[in-house]
Amino acid sequence: MQKMATHIDFIKDITISKMQWKLKVRVVRMWEVPDHFNPGTIFSIELVLQDEKGDHISASIGKSVLHLFKTQITELGLYNMANFIVCHNKEKFNTTKHRLRLTFTQRTTVAETTDPLFPINIFDLRPYDQLINKVDVKKTELFDVIGEIVNFSEVQTQNQGGISRKFMDIELEDDERKKLSATFWGEFVDEIVPHLLSANNQPIIVVMQLIKAHKYQDSYSVRNTWNASKLWINPNFPQSDEFKTRLLSVRDNNSERLTQTISQQSYPVSDELEKGIVQVKTIGQLVESMQEGPCWIVASIENLELEKGWSYVSCKKCQKKVDKLGNIYQCPNPKYKHEDYSAVIRYKLQVRVMDTTGSVSLLLWDRETMFLIGKSAKELKEGFLENTGAVDKYPYPVELNNILQRKFMFKVIIKTENIHQQKEVYSVVKLTDEEQLMNKYSPAQPSDDLTEPDFNNIQVLDGEKECEDSTEDNDTTDIAHTPAQIDMDEQGHVQITPTTSAQIQRRGQRRKICRRNIYSYNASDSKPEIIRNVPRAIQNKLRDRRAERREKEKKFRELRPALDLHIANYQLMRDALIDAIDKIILYDWEALSILVDSLGQPLGSILTDIYHEVWPSGPFWVYVLKFEAEWENRLYDYL
């Protein structure tokens, strides 16, 4: 064994001068790269190797030798490897800081080994400071970050070349209370959503491995790449365990995780709402929703539902409810089951809220309730005991009443049980009391009027019948079934002249003559407008408007084949520009300018208008998504 150890080389010593390098390394990352010309096959397997000193180097197993190594190597495995081709690292993205990379050949040897002392610090963690403080970051370099998820958006979709890609925005927080924006794409979304929906206020620690930085307006966010990136959720590695320990110590030093009391400045509520990241629903729409995920509601707190209390005793480590055995609190989490901790009191308050469309129950956890009350659950409990002298003398602290009859915007999570089991209790993950936002997004007050019918053009309906006269016994003749000549005079009044066959057969009988309402629909209006006794001039204007609309629709049908060709070319150009942006060949604004030129008119003008509307709040793909969603509706304005 000692002789073997003397022949082990270290990654930092590797040069191009020879092939006979002998390494003892752990595979800290392994992924397959598909063949672009034959997507169903593997082009290569890429590796990131780490030696016992913690240095990394990338390696590649080409298509010609895949059959030799594909089944021999697994991620996180420890191996003795020897004999590689060493070349300069000129890949699009650098997975390590080493200037060289290894290529497996027919002569490469791989043998699995064990060594309990070999380190497993597999992550190259990037401090948030380098991203938050605008330190220049190489866009071609991939790195790792760790953090707790403290905020997230709903899942959104982007279409590229007929392929739909899911993404969502995430906010990460480190143990120093610094925050970092991230975008999860594709598989990252599929992996994290189940944890977000079932978190129950438990912290979610993630490590994003081999991700890239995205710079926009002098600030950085991070996102995963196509194949190399990997998401670790609540991992059990030394680096992640150390992070959790530091995170818990920060919480303990701030009175039961005062770090959960996020200020309004930390809540990008206005951004979520203005950009449509998360939808605003009424309570009626909420309970009828069949889609999992977050949404906002505006409602007032009408009642405290205290059947299950308003607080619970939890573990400091994981926030789960603890079991009390004598004077000892024991956490049910298997990881901490045999360790005793002093427990903490946290809020778990259920309330009934209401808007103009209905009511529903919301579950407020520690962070949100602390924001409403202004005190921690521990402080409230201690004050309650001091004032009463006994726990059961009064049912709950009177401070809880201070939140009644108050209106807030709540961000809630729609879960599977809400949809399939009709459970009307929703967990709150964020809230705000910004009056301007609540006024803007509050549901409209219910109207006493009947809902107006939805017409695309002027129509004549029988409605709001006003009776001029009737017989004493209410014996009337239905005018709709009476042969008659119907005319309209210059003032727009309806004139009905019965024909001979429709003469009244009984003396004294009079018809119930009903005036008709005429509904005019404007495409920019939310509902039809009732016009009584429409003058002839206005009728002519309405007819002209309909004629103009029909003419535009005719032009649109004539242009459709050419537009379809433009859109097909646009999709190819869009994908090429996105690839150029990813390769750092073009900036976002340069790509947008090229796309406008390639579209021609009138589509280019539509994209230019969208740019001026959105600027400067979004990168290239934001303009593209808005254009794809709105170009058909906007086209009528250019015809």
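Trainee: With which side chain does the side chain of E46 make a polar contact?

Mentor: A polar contact is a pair of N or O atoms within 3.5 Å; within protein, one must be able to donate a hydrogen and the other to accept it, and residues adjacent in sequence count only if both atoms are side-chain atoms. Here the side chain of E46 pairs with that of S44 at 2.8 Å. This is a predicted model, where local features need pLDDT of at least 70, side-chain atom pairs count only at pLDDT 80 or more, and totals for chains, interfaces and linings use all residues. Residues are numbered from 1 along each chain as its sequence is written, and side-chain values use heavy atoms, with hydrogens and water left out.

Trainee: Is E46 buried or exposed?

Mentor: Buried means under 20% relative accessible area, exposed over 50%, and partly exposed in between (1.4 Å probe, protein chains only). E46 has a relative accessible area of 11%, so it is buried. Its place is in strand β2, residues 42-50. Helices (H or I, at least four residues) and strands (E, at least two) are DSSP runs, numbered from the N terminus. Contact means heavy atoms within 4.5 Å. Leaving out residues up to four places away in sequence, E46 touches R29, M30, W31, V33, A59, S60 and R101.

Trainee: What is the order of the strands in the open sheet of seven?

Mentor: Two strands pair if DSSP finds at least two bridges between them. The order is β5-β6-β3-β2-β1-β4-β7, and the pairing is mixed. β5 (85-88) and β7 (109-112) stand at the edges with a single partner strand each, so one side of each has no neighbour in the sheet.

Trainee: How many bridges join β4 to β7?

Mentor: Four bridges join β4 (residues 78-82) to β7, and the two run antiparallel. In β7, V110 is the bridge partner of M81.

Trainee: How many disulfides does the count give?

Mentor: A disulfide is a covalent bond between the sulfur atoms of two cysteines. The rule asks for a pair of cysteine sulfur atoms within 2.5 Å. By this rule the count is zero. As for individual cysteines, C87 is partly exposed at 27% relative accessible area, while C295 is buried at 0%.

Trainee: Which residues touch the most other members of the largest nonpolar core?

Mentor: A nonpolar core is a set of buried Ala, Val, Leu, Ile, Met, Phe, Trp, Tyr and Cys residues joined through side-chain atoms within 4.5 Å. The largest has 30 residues, and V351, V353, L362 and F410 touch the most other members. Elements giving two or more residues to this core include α7 (283-288), β19 (344-355) and β21 (407-414). β15 gives the most, with five residues. Among the contacts of F410, not counting residues up to four places away in sequence, are C295, W296, V353 and L362. Apart from this core lies another, of 28 residues, among them F152, M168, L172 and F188.

Trainee: How many helices and strands are in the chain?

Mentor: The chain has 15 helices and 27 strands. Buried residues make up 42% of its 639 residues.
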